[in-house]
Protein chains: 2
Amino acid sequence: LASEFEIIRRYFDRPARSALLGVGDDAALLVPAVGMELVATTDLLSEGIHFRSGADPRKLGHKALAVNLSDIAAMGATPRWALLAIALPAADERWIAQFAEGMFALAARHDTELVGGDTTRGPASGPITICMTVLGEVPAGLALLRGGARPGDDIWVSGELGGAALALARPGIAAAAMRLDEPEPRVALGERLRGLASAAIDVSDGFAQDLGHILERSGVGALVHYDRLPRFPIDDPELERRCVLSGGDDYELLFTASQGARGEIEALPAEIGLALARVGSIQPGDPKVVVLDAQGRPIRVAPGFDHFAP
Amino acid sequence: LASEFEIIRRYFDRPARSALLGVGDDAALLVPAVGMELVATTDLLSEGIHFRSGADPRKLGHKALAVNLSDIAAMGATPRWALLAIALPAADERWIAQFAEGMFALAARHDTELVGGDTTRGPASGPITICMTVLGEVPAGLALLRGGARPGDDIWVSGELGGAALALARPGIAAAAMRLDEPEPRVALGERLRGLASAAIDVSDGFAQDLGHILERSGVGALVHYDRLPRFPIDDPELERRCVLSGGDDYELLFTASQGARGEIEALPAEIGLALARVGSIQPGDPKVVVLDAQGRPIRVAPGFDHFAP
């Protein structure tokens with residue numbers, strides 16, 4: 001049986017690139033770039049809650065990093081370094097090797113360096129737990145916050161909504177499962193939105209709820225046209241509304257921008273290869289999301305994801 | 001039942017101090033100080049492995065932060081920011097309130113700001129899992145690494161060894177339990193050792209094993225005199241040796257320094273209120289720890305802690 005130190009060396013200890021010191025000392029040693037602010041986020045995934053028992057470890061390695069990169073993207077930042085803490089019921093080398101493969105493949109695409117972590121044995125019959133922390137950088141003063149939306153701003157969303165939630169409701173649809181298991185963090189979009197978007201968030205808890213977070217922080221309301229929302233194809237209209245408005249885990253970017261920025265934003269899809277849809281507008285007043293159907297009638301929105309909801 | 005967002009707001013969302021943006025956006029936004037390098041570490045604690053079921057949440061809040069601060073101290077860095085990810089089987093508000101109390105009390109003493117995190121529900125009958133990440137800063141070029149020990153250097157250790165391991169072997173000894181449950185990270189010592197120590201590590205896996213990590217990275221050996229090791233009082237000589245040499249979780253600092261630094265190091269205890277003992281010397285040769293008893297005979301050292309040991 002390989003020891004903890006051997007496992008770390010074999011699968012996670014790669015030569016430091018931009019880090020002064022990566023895996024293998026008491027902590028990582030990093031050099032922040034001059035004139036940049038540091039962005040830090042952490043996410044924990046529990047077996048049985050955030051992923052199925054027996055889930056493909058390669059996809060899990062991808063997703064654990066992707067959800068953090070998505071937070072970095074939502075700040076308009078560039079990811080740089082990652083730390084990984086993982087609790088396993090036993091040292092299953094094959095599992096670890098595949099997890100590392102999925103994680104490093106995504107990390108390479110976003111030039112993100114694994115610089116530290118903690119590999120421990122969890123309770124024997126307990127769940128696998130993965131806790132990832134990602135650090136990124138953004139030029140000082142240009143981070144995209146939730147609190148900057150102003151009345152009259154357009155509301156935009158990238159890609160398509162509802163695919164990840166559909167995969168939970170109807171397992172077996174390959175394209176939907178891919179949205180759930182291997183989300184693509186919108187890092188390039190986040191970087192291009194610096195100085196362009198007035199507020200941004202990633203869609204992790206559901207479109208309506210995440211838009212609600214922007215509204216609360218900004219002290220504004222929102223009007224959204226359901227038929228303008230980019231939707232993953234779902235044949236049941238009732239299920240579609242639930243997945244598109246309240247489904248989580250899509251990891252698209254939801255952002256606001258002044259009407260004056262329309263031209264620049266409309267030019268982005270061709271540049272970065274990602275669709276963007278203008279779906280509504282920010283309104284003065286209470287932080288309420290109003291969604292209208294094609295006939296202009298309000299649609300009732302089911303609550304989004306809450307980890308401790310009864 | 002309180003929602004995830006309500007819980008975060010109530011117990012973890014405090015106004016940002018040094019952070020530009022703390023809890024409540026997609027990620028924290030921090031301003032690294034000019035001329036400093038960034039130190040980052042993460043540790044995961046699992047119920048049933050790293051702490052007993054039913055452990056006092058206040059002490060757990062302390063310990064989860066303390067073990068990370070200890071890594072920061074072992075780098076000679078000053079802690080600045082923390083991120084907390086926590087998976088709970090249910091939203092037990094009293095537990096969360098006490099956990100937050102223990103964590104914030106220690107954070108306040110070390111001027112460390114909680115800037116982000118992730119609160120999620122873990123599997124219903126699953127373990128509580130706590131993952132903490134701490135970021136610190138150290139003046140460029142002054143971090144204490146494991147690889148700097150040179151033949152002839154003295155070996156030093158702070159405080160006392162063996163107390164935490166004794167608490168596991170013999171529950172009910174209050175002073176030992178305190179060493180296990182509420183370790184004191186040696187932050188002030190780490191800061192004072194900048195430019196003074198040649199290598200450093202914190203004693204988390206056991207004195208001999210952690211010294212071994214310094215030896216491996218530095219490519220040197222070590223000779224240690226057992227009777228010079230600062231020992232938690234244990235009446236059974238066999239148990240004492242095991243706890244002192246191979247017991248983990250003490251979170252003392254173990255460091256090396258040139259003989260020329262002796263005077264300065266001997267002046268530190270009066271200044272920072274922490275005993276320091278000179279316990280041996282770095283030797284040329286293989287990365288082996290040789291421990292001699294009072295009669296100069298080698299003592300056999302039991303292996304230290306390995307999370308995946310069979």
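In this structure, 75 residues of chain B are in contact with 75 residues of chain A. Bear in mind that we're looking at a predicted model.

**The interface**
- Putting chain B and chain A together buries about 5700 Å², with carbon and sulfur atoms giving 62% of that area.
- Three salt bridges turn up across the interface of chain B and chain A.
- One salt bridge pairs B:Arg146 with A:Asp26, and its closest N and O atoms sit 3.2 Å apart.
- There are also 10 residue pairs in polar contact across the interface of chain B and chain A, both partners at pLDDT 80 or more.
- On the side of chain B that touches chain A, strand β2 (residues 36-46) of chain B supplies the largest share, 10 residues.
- Sorted by class, that side of chain B has 43 nonpolar, 15 polar and 17 charged residues.

**How the copies relate**

**A look at B:Arg179**
- You'll find B:Arg179 in helix α5 (residues 174-181) of chain B.
- B:Arg179 counts as buried because its relative accessibility is 16%, and the cut-off is under 20%.
- A polar atom of the B:Arg179 side chain lies 3.4 Å from the backbone oxygen of B:Glu160.
- Beyond its neighbours within four places in sequence, B:Arg179 is in contact with residues including B:Phe232, B:Asp249, B:Asp250 and B:Glu252.

Note on methods: Residues are numbered from 1 along each chain as its sequence is written. Chains are lettered from A and ligands numbered from 1 in the order in which they are written. This is a predicted model: local features need pLDDT of at least 70, side-chain atom pairs count only at pLDDT 80 or more; totals for chains, interfaces and linings use all residues. Side-chain values use heavy atoms; hydrogens and water are left out. Helices (H or I, at least four residues) and strands (E, at least two) are DSSP runs, numbered from the N terminus. Buried means under 20% relative accessible area, exposed over 50%, partly exposed in between (1.4 Å probe, protein chains only). A polar contact is a pair of N or O atoms within 3.5 Å; within protein, one must be able to donate a hydrogen and the other to accept it, and residues adjacent in sequence count only if both atoms are side-chain atoms. Contact means heavy atoms within 4.5 Å. Buried area is the accessible area (1.4 Å probe) that two parts lose on being put together, summed over both. A salt bridge is a side-chain nitrogen of Lys or Arg within 4 Å of a carboxyl oxygen of Asp or Glu. Ala, Val, Leu, Ile, Met, Phe, Trp, Tyr, Cys and Pro count as nonpolar, Asp, Glu, Lys and Arg as charged, and the others, Gly among them, as polar.
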